[in-house]
Amino acid sequence: MASDHADTITDRVLRHRFHRDCGLTLLARDGEGTVCRFTVNDYTVNPAGMLHGGILYAMMDVTAYLAVLPTLGEGENAVSHDVHVSVLRPVADDHVDLHAHILRRGRGVIFIRIEARDAAGRTAAAATVTKSVVPGA
């Protein structure tokens, strides 16, 4: 995917209302991965005051998508078809950093590993996401 096109899609993803409400930002991206951050705020916590697991899973999946965007060719897009998340510790900090690394990019499938780290840098969750490459913009 051309850099300008990947940047346009990235902007759309980051402007999505759900992602904005979660405070999602892109910190870094290169050809092998992406680092994003989102905030632990009134919108993203559960009634116990801890980060809501569903929010964590969603932000990990979005970060995986942002990581694969630059690898897509013209007329390609990627959709999740398998997501596995293991939560290792609760999070009540002010933010979570998500580190996505592309493990393998095949013609039809992309494998991504994501770590969620709390503000102290401790791994709070680990995930693997498999994305299918599909036709699309």
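Predicted model: local features only at pLDDT ≥ 70, side-chain atom pairs only at ≥ 80, totals over all residues.

**Entry 1: a helix pair**

I began with helix 1 (residues 3–15) and helix 3 (residues 53–68), whose axes come within 10 Å and cross at roughly 170 degrees. Angles over 145 degrees count as roughly antiparallel, so helix 1 is roughly antiparallel to helix 3. I also noted the hand of the crossing between helix 1 and helix 3, which is left-handed.

Which residues meet there? From helix 1 I found Ile9, Thr10, Val13 and Leu14, and from helix 3 I found Val62, Tyr65 and Leu66. Sorting the residues of this contact by type gave me six nonpolar, one polar and no charged.

**Entry 2: Val13, in that contact**

Val13 is buried, and I wrote down a relative accessible area of 13%. Setting aside neighbours within four places in sequence, I listed His19, Val62, Tyr65 and Leu66 as its contacts. Val62 is 49 residues from Val13 along the chain, yet I read 8.1 Å between their C-alpha atoms.

**Entry 3: His19**

Is His19 buried or exposed? With a relative accessible area of 9%, His19 is buried. Not counting residues up to four places away in sequence, I saw His19 touch Val13, Leu14, Leu24, Met59 and Val62.

**Entry 4: the core**

Next I looked up the largest nonpolar core and found that it has 37 residues. Phe38, Leu98 and Ile114 are the ones with the most contacts inside this core. The elements giving two or more residues to the core are helix 1, strand 2 (33–39), helix 3, strand 4 (95–105), strand 5 (109–117) and strand 6 (123–135). Which element gives the most? I found that helix 3 does, with 10 residues.

I then followed Ile114. Beyond four places in sequence, Ile114 touches Met60, Ala64, Leu98, His99, Ala100, Ala125, Ala126, Ala127 and Val129.

**Entry 5: Met60**

Met60 was in the Ile114 list, and I placed Met60 in helix 3. How buried is Met60? Its relative accessible area is 0%, so Met60 counts as buried. With residues up to four places away left out, I listed its contacts as Val85, Leu98, Ile114, Glu115, Ala116, Ala125, Ala126 and Ala127. I also checked Met60 against Ile110: they are 50 residues apart in sequence, and their C-alpha atoms are 15 Å apart in space.

**Entry 6: Glu32**

My last stop was Glu32, in the loop between strand 1 (25–30) and strand 2. Glu32 counts as exposed, because its relative accessibility is 52% and the cut-off for exposed is over 50%.

What does Glu32 touch, residues up to four places away in sequence aside? I found Ala100, His101 and Ile102. Glu32 and His101 lie 69 residues apart in sequence, but I read a C-alpha to C-alpha distance of 5.8 Å.

Methods:
Residues numbered from 1 in each chain as written. Heavy atoms only, no water. Axes fitted to C-alpha atoms, helices over the stretch in contact; angles between N-to-C directions. Helix = DSSP H or I, 4+ residues; strand = E, 2+ residues; numbered from the N terminus. Parallel < 35°, antiparallel > 145°, perpendicular 65-115°, else oblique. Left-handed = near helix turned anticlockwise from the far one by under 90°. Contact = heavy atoms within 4.5 Å. Nonpolar A, V, L, I, M, F, W, Y, C, P; charged D, E, K, R; others polar. Core = buried A, V, L, I, M, F, W, Y, C linked by side-chain atoms within 4.5 Å. Buried < 20%, exposed > 50% of the residue type's maximum accessible area, 1.4 Å probe, protein only.
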